[in-house]
Amino acid sequence: MANLVVAYVLWFFGGAWGLHHFYLGRDRHAFIWWSTWAGCFGLGWVRDLWRLPEYVYAANKDPGYLKDLNEKAKRYPTPPFNVVRFAGEVTVDDFVELFIGRILSIIVPPLAVAIGVHLVGNVSPEKVSFQWALLGAYISFPMLTIDSGNNLVYSSILSAIAVNWKGKSWNRDYLEKRGLCKRIFVLTFCGLIYLSLWSSAIYFNATITTKEGDEVPLREAINNFFTSPAWADTKESFRNLYKYYQEHGWENLYNKIVDSLDPLGETKAYKDLGLDENASEEEIKKSYKKLVKQWHPDKHMKETNPDKKAEAQKRFIEIQEAYETLSSIKLKRARRNKKSRSASQDRRDHTEL
């Protein structure tokens, strides 16, 4: 039995991904919410706030809900026109067309439109005919050969009109229980297809603008990256980590990775002061005093080049922060070591007694 409180909790924390719909067995609804950013940029998510009780009644096969649904089906042989559902069909098919249609030119976009309309139209308790969605989408095909960009809007509207005119009916089987594994598999499969379409659309259509203003296609930029020195350095780093794992094991590898990430900023601090990590406290103070004098802003007041002046200011701040970082780290370690030695001494005294 579905619980309304649980449904609202899932709606609040995972509504953007359709978790509340998946919980209630409304998988198609969940996929639409996930693939269109919380139901068309959050509009559907907000609407669910007052629609959730009805969805819970449907999931639980509440006798009152079933009675109202049967009376409605008798009163209307086909589901009545719904403005929200119609708007959803037009909007979602644009999402699907955006990724499929951009890749496969003119012939396929109407098919993408039909898929989007069919997806929304089959949200329970209604179902629509894919043939009518496809027919409505392809009516505008002659216009697509002239201006595919703008006329796809007409294709979306005509497809939605076709299924609302002749292609929809009541879904008598949507309350039947389906296996959880099958539901997860279908949703995962559809999600992977959708993500692949996103990836393809971005890969083939996106561009990167350099600081000089040059536009580079993303696919070329990716290919260039895999032949760049940065990627060669990255591969070498992974090779070194793998060798380290072979010699020292997982636990030491984890510590190695954490150290390489420099969470305390210690490695950077030593580098800013021009020292190695084995430098003594006296060497740290000596280097700090020398660099502070060299990069002090007062020493560069008469500098005419603004870039050099800004560099001096930046270096001075970096040196100050580096010294403060190392001083703080060494102070904490000294306290920790003192505390550890004190605890060891107490244990020895207790043993002697």
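This is a predicted model: local features need pLDDT of at least 70, side-chain atom pairs count only at pLDDT 80 or more; totals for chains, interfaces and linings use all residues.
Visitor: What makes the contact of H3 with H8, and what is its composition by class?

Guide: From H3 come Arg28, Phe31 and Ile32, which meet His118, Leu119 and Val120 of H8. By class, this contact has 4 nonpolar residues, 1 polar and 1 charged.

Visitor: Why is the pairing of Glu54 with Arg51 called a salt bridge?

Guide: The distance between the two side chains is 3.1 Å, N to O. The cut-off is a nitrogen of Lys or Arg within 4 Å of a carboxyl oxygen of Asp or Glu, so the pair of Glu54 and Arg51 qualifies. A search of the whole structure finds 7 salt bridges.

Visitor: How far apart along helix H5 are Glu54 and Arg51?

Guide: Glu54 and Arg51 are 3 residues apart in H5, which means that about one helical turn separates them.

Visitor: What lines the second largest pocket, and which helix gives the most?

Guide: This pocket, with a volume of about 760 Å³, is lined by 33 residues. Arg47, Arg51, Asn82, Val84 and Arg85 lie nearest its centre. H5 gives the most to the lining, with 7 residues. At least two residues each are supplied by H3, H4 (37-41), H5 (43-59), H6 (63-75) and H7 (83-103). By class, the lining has 18 nonpolar, 7 polar and 8 charged residues.

Visitor: What makes the backbone at Ala38 worth a remark?

Guide: Ala38, which lies in helix H4, has a positive phi of about 65° although it is not a glycine. Most residues other than glycine have a negative phi.

Visitor: What kind of peptide bond joins Ser124 and Pro125, and where is Pro125 found?

Guide: The bond between Ser124 and Pro125 is cis, with omega of about 10°. Most peptide bonds are trans. Pro125 is found in the loop that lies between H8 and strand S1 (126-128).

Methods. Residues are numbered from 1 along each chain as its sequence is written. Side-chain values use heavy atoms; hydrogens and water are left out. Contact means heavy atoms within 4.5 Å. Helices (H or I, at least four residues) and strands (E, at least two) are DSSP runs, numbered from the N terminus. Ala, Val, Leu, Ile, Met, Phe, Trp, Tyr, Cys and Pro count as nonpolar, Asp, Glu, Lys and Arg as charged, and the others, Gly among them, as polar. On a 1 Å grid over the protein atoms alone, a cavity is a set of points where a 1.4 Å probe fits but cannot get out, and a pocket is an open set with protein on both sides within 12 Å along at least five of seven lines; lining residues have an atom within 4 Å of a point. Grid points are joined across faces, edges and corners, and a volume is the space filled by probe spheres set on the points.
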